Each structure stands twice: as C-alpha cells, then as structure tokens.
Amino acid sequence: MKNRTKRITVGLSGLLFVLGTVSFTAAPGARDVASASVVADAWEKSPVYVDPAASDQLSGEQADALAQRIKKADKPVFVAVLPDSFPQQDLFRRLRTETGVTGVYAVRLGGAFDARADRSVLTGNAVRNLVSLVQGEDTPAQLDRFVGQALVQAGGRAPESWGGPGEGISVGALVGVGVVVVAGAGGAYAVVRRKKRRHEEAQRESLAKLSVVVDEDITAFGEELDRLDFHPAEAGADDAMRADYERALDAYEKAKSYMAAATRPEDVRGVTQALEDGRFSLALLAARREGRELPERRAPCFFDPRHGPSVEDAAWAPAGGAERSVPVCAADAARLADGRDPMVRTVATDAGDRRPYWEAGPAYGPWAGGYFGGGILPGLLVGTMLGGMMMSPAYAADYGPGYGDGGGFEGGDYSGADFDPGDFGGGDFGGGGDFGGGGDFGGGSGF
C-alpha cells in the first residue's frame with residue numbers, strides 16, 4: 001500500500017513471496033501483542049490478520065479462507081482479530097492512518113466486535129447496522145457474516161498489493177506476457193490516447209452544460225443580495241449582522257471565481273457549496289434584522305436549492321420510485337401538504353426538453369453534490385435517473401467519486417493520512433446493542 005505497483009508486477013512479487021516467506025498468521029504459541037503498525041504491515045499482504053495472542057479465536061485455516069473470500073470479491077475489507085490487551089486508544093484511527101487505504105475496517109477485540117469505514121466505501125449507517133447484526137456470535141461466524149454483508153455493499157476495489165488476476169501465474173507466462181505487451185505497446189498507446197481525448201471532450205461538453213445552470217444560480221444569488229438592501233452602517237446593524245453579510249458577499253465572490261477556474265464537471269461542487277453557504281448566511285442576517293429566532297443549519301430545498309435553506313423534511317416520491325423524506329422550503333412544504341406539485345428546478349436535456357435535474361443526466365451529480373453534501377445525497381436520489389447513474393462504476397471516472405460529499409478517494413485507493421477522522425473516531429468499542437460507533441462519528445475519545 002505504501003509502495004503500490006501495477007498488478008502484473010504484484011503477480012510476480014506475490015509468487016516470490018509465496019516461495020520465500022511464511023504465513024502472516026503467527027504461531028499459536030506466541031504471546032507478544034502487536035502494534036497498529038504490525039497489523040498494517042500484515043494487511044499489506046492479506047486482508048485478514050490474527051494476532052498471535054488471539055490465535056485461539058480464529059484458526060489459520062479459517063483466516064486464510066476468509067482472506068481468500070475477500071480477495072475473490074476484490075473489495076477493500078480489512079479484518080483483524082486482536083486480544084483484550086491490544087492498545088485500544090484511538091484504535092481504528094491509528095489502524096486507518098497506518099494502513100492508509102480507503103476501506104472497511106473490522107476488528108474483533110477479545111470478546112467484542114466493531115467496525116469503521118471511509119464513507120466513500122460504506123456509509124456510517126450501513127456500518128452501524130452490520131455491526132449490530134452480528135453482535136453476540138462467536139468469532140468465526142461473526143466475521144464470516146459481517147464480511148459477507150460488507151462485500152456485497154462496499155464500494156471500490158481491493159488494494160493492488162493483495163494481488164489480482166496475475167497472482168499465481170508462472171514466471172514464464174509473465175515473461176511471455178511481457179513480450180506481447182512490448183510488441184503491442186505502440187498500438188495500446190494509441191488506443192489510450194483516443195480514449196483520453198474522448199473523455200476530455202465529454203468532460204468539456206458536460207462542463208458547458210453545467211455552466212448554464214450554475215450561472216443561473218450565481219445570478220439568482222446576486223439578485224438576492226441586491227434585494228436584501230442591507231447597509232453595514234444602517235441603523236440597528238450590529239457586528240453579527242455585518243459578519244453574516246460579509247460571509248454572504250465572500251460566498252458570492254468565491255462562487256464566481258471557482259466557476260471561472262473550473263475545468264472539469266466535479267469542480268462545480270465547490271461553486272454550489274459556496275452558494276449554499278452564502279444563502280444560509282443570508283437567512284441568518286434576515287432573522288437578525290427581523291428579530292426572529294435564528295434558523296438551524298439545514299440542507300437547501302431539494303426541489304430547487306435557489307429556494308434557500310429547507311425548514312422541514314417532507315415525504316415525496318419520484319415518478320415510479322419509492323417514497324423518501326426530502327428537505328423542503330416553506331413554500332414547497334405548503335404545496336405538498338395541499339396535494340400540489342412542488343416548484344421543481346428543471347434543466348435542459350440533450351433531447352431539447354426540460355426535466356427535473358434528477359432526471360437530466362449524470363453531469364448534474366457534481367452540481368447537486370455541492371448543495372447536498374455530507375452523505376445525504378444518496379438517499380435523496382434513490383430510484384432517480386441521476387441516482388442510478390451515480391451508482392455505476394463509470395461515474396467516478398467521468399464526474400468524480402461518490403455523491404459529492406467530499407470523498408476524494410475511491411475504495412482501495414491509497415490516501416495515506418488524508419481521510420476524515422470522524423469516520424474512524426468516537427463511540428465505545430463493541431457494546432452489544434449499542435452499535436459501538438460504526439463510522440461517521442466526528443471525533444471524540446475512544447476509537
């Protein structure tokens with residue numbers, strides 16, 4: 001993980017490793033407790049590590065079978081079986097930092113079990129539910145069941161250091177492959193160049209399409225600033241009001257500069273995030289001027305983020321889709337309550353008509369991601385055209401990974417220490433019915 005290589009190279013190194021080293025699972029008689037770095041080093045070779053002092057919980061045969069299952073599924077799922085005496089302070093965070101790979105991390109610690117994950121691979125809710133599902137089972141059954149469910153639901157691919165399709169190929173075969181690769185290098189390079197040009201052209205077209213929508217958003221926000229007619233020196237203005245106004249102006253300028261500098265569709269996320277920040281600042285300023293209670297920070301109105309911050313959640317279902325709860329502004333909440341249609345943001349499509357943004361194609365994913373970050377977007381878009389496209393493996397290559405919630409790295413990527421510590425902090429370990437944390441916790445003591 002720390003020195004990643006191409007899969008064909010891993011295949012050869014994997015062959016040499018098998019010939020020249022022993023299994024990562026230590027002998028049952030050993031009693032020294034490992035450290036997080038030892039676990040991370042073992043995970044570089046295989047997804048399952050059993051501490052020597054905990055070898056009575058999972059046999060070498062069981063560990064190997066579990067490791068092969070994970071490798072076959074090609075998912076970034078890490079498993080460790082550790083004794084009670086293993087250092088517990090900030091355990092998951094230390095393991096994630098030492099390992100440096102986006103993935104799912106499951107730990108059996110003595111008689112307790114818990115897990116964490118990068119949200120780009122598996123959401124906090126999913127991790128918590130899976131941990132709760134397997135509580136109370138013995139180690140082999142617990143790990144087998146958790147891993148089975150995690151492999152189905154986790155995103156991304158396994159780290160290349162575990163080996164891949166080339167693992168186990170003879171040296172002669174690898175040499176033969178090398179000859180073919182060299183002979184066809186010119187043709188392969190040409191194919192790659194053509195694919196790259198097509199990809200760049202598609203990105204330019206998507207960005208041009210997004211530019212129209214984003215420019216409308218920026219213009220609408222600028223008009224809101226003008227209608228506000230606030231003057232920092234006006235009677236009754238205080239420092240809090242002036243600070244709100246200053247943040248709104250800064251957001252407006254950021255949105256314009258970010259859009260001017262955008263070169264890829266995913267760059268639009270920063271633009272709409274700035275506009276969302278600015279509209280909340282305006283909502284705070286309006287409440288202060290009118291002497292009302294300050295609004296809580298909520299997501300924008302799902303139907304059209306230009307409506308401003310939402311005031312409540314309402315039940316809604318897309319055409320042919322399942323009902324879900326979406327954040328709505330006061331006006332749309334009233335329309336839904338009266339049985340009327342909400343005021344939906346429509347955008348132009350390639351067919352020449354206008355449709356709701358969630359039915360207009362994948363290019364609008366980054367636009368929506370900036371408005372609805374923080375992990376709420378997937379639930380809002382389930383069953384829509386945009387939601388389905390964002391679940392496809394090709395989406396990240398064209399429009400950036402994840403649902404616009406700042407993932408940055410896909411499952412299995414080496415990110416080093418660049419990860420959200422909230423995904424691996426907070427909560428007590430294990431705890432039976434108390435989910436024990438399971439991701440997205442935002443720091444705190446313990447793990």
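Student: Let's start with Ala-248: is Ala-248 buried or exposed?
Tutor: In this predicted model, Ala-248 has a relative accessible area of 0%, and therefore it is buried. A residue counts as buried when its relative accessible area is under 20%.

Student: OK, and where is the place of Ala-248?
Tutor: Ala-248 sits in helix H9. If we leave aside the neighbours within four places in sequence, Ala-248 is in contact with Phe-221, Leu-225, Gly-278, Ser-281 and Leu-282.

Student: Which helix does Arg-279 lie in, then?
Tutor: Arg-279 belongs to helix H10. With a relative accessibility of 4%, Arg-279 also counts as buried. Beyond its neighbours within four places in sequence, the residues in contact with Arg-279 include Asp-217, Glu-224, Arg-306 and Tyr-371.

Student: So how do H9 and H10 cross, at what angle?
Tutor: Helix H9 covers residues 239-261 and helix H10 covers residues 268-290, and their axes come within 8 Å and cross at roughly 160 degrees. H9 and H10 are therefore roughly antiparallel to each other, since angles over 145 degrees count that way. Their crossing is left-handed.

Student: Which residues of H9 and H10 meet there?
Tutor: On the H9 side they include Ala-240, Tyr-245, Ala-248, Ala-251 and Tyr-258, and on the H10 side they include Val-271, Ala-274, Gly-278, Leu-282 and Arg-289. The residues of this contact between H9 and H10 divide into 15 nonpolar, 3 polar and 5 charged.

Student: What about H2 and H4, at what angle do those axes cross?
Tutor: Helix H2, residues 36-43, and helix H4, residues 91-99, have axes that come within 9 Å and cross at roughly 50 degrees. H2 and H4 are therefore oblique to each other, and their crossing is right-handed. From H2 the contact involves Ala-36, Ser-37, Val-39, Ala-40 and Trp-43, while from H4 it involves Arg-94, Leu-95, Glu-98 and Thr-99. By type, the residues where H2 contacts H4 split into 5 nonpolar, 2 polar and 2 charged.

Student: Switching to strands: in what order do they form the open sheet?
Tutor: The sheet has 4 strands in the order E1-E2-E3-E4, with mixed pairing. E1, residues 48-50, and E4 stand at the edges with a single partner strand each, so one side of each has no neighbour in the sheet. From one strand to the next, the twist averages 10 degrees.

Student: And which way do E1 and E2 run, parallel or antiparallel?
Tutor: E1 and strand E2, residues 77-82, run parallel and are joined by 3 bridges. Val-48, for example, stands opposite Val-79 in E2. Helix H4 packs on this sheet, touching E2, E3 and E4, and the direction of H4 makes about 130 degrees with that of E3.

Student: How many bridges join E3 to E4?
Tutor: There are 6 bridges between strand E3, residues 104-109, and E4, and these two strands run antiparallel. Leu-109 has Ala-112 in E4 as its bridge partner. E3 and E4 form a hairpin with 2 residues between them, and Gly-110 in the turn has a positive phi of about 60 degrees.

Student: Why is E4 called largely enclosed by the rest of the structure?
Tutor: Strand E4 spans residues 112-117, and it is described as largely enclosed by the rest of the structure because 5 of its 6 residues are buried.

Student: One more: where is the place of Trp-358?
Tutor: Trp-358 is in the loop between strand E8, residues 354-356, and helix H12, residues 364-371. Its relative accessibility is 5%, so Trp-358 counts as buried. Not counting residues up to four places away in sequence, Trp-358 touches several others, including Phe-302, Phe-303, Trp-316 and Leu-381. Trp-358 and Val-347 are 11 residues apart in sequence, and their C-alpha atoms are 9.4 Å apart.

Student: And for the whole chain, how many helices and strands?
Tutor: The protein chain has 15 helices and 8 strands, and of its 447 residues 45% count as buried. Among contacts with a separation of 6 or more, 66% are between residues 24 or more positions apart.

Notes:
Residues numbered from 1 in each chain as written. Predicted model: local features only at pLDDT ≥ 70, side-chain atom pairs only at ≥ 80, totals over all residues. Heavy atoms only, no water. Axes fitted to C-alpha atoms, helices over the stretch in contact; angles between N-to-C directions. Parallel < 35°, antiparallel > 145°, perpendicular 65-115°, else oblique. Left-handed = near helix turned anticlockwise from the far one by under 90°. Contact = heavy atoms within 4.5 Å. Nonpolar A, V, L, I, M, F, W, Y, C, P; charged D, E, K, R; others polar. Buried < 20%, exposed > 50% of the residue type's maximum accessible area, 1.4 Å probe, protein only. Pairing = 2+ DSSP bridges.
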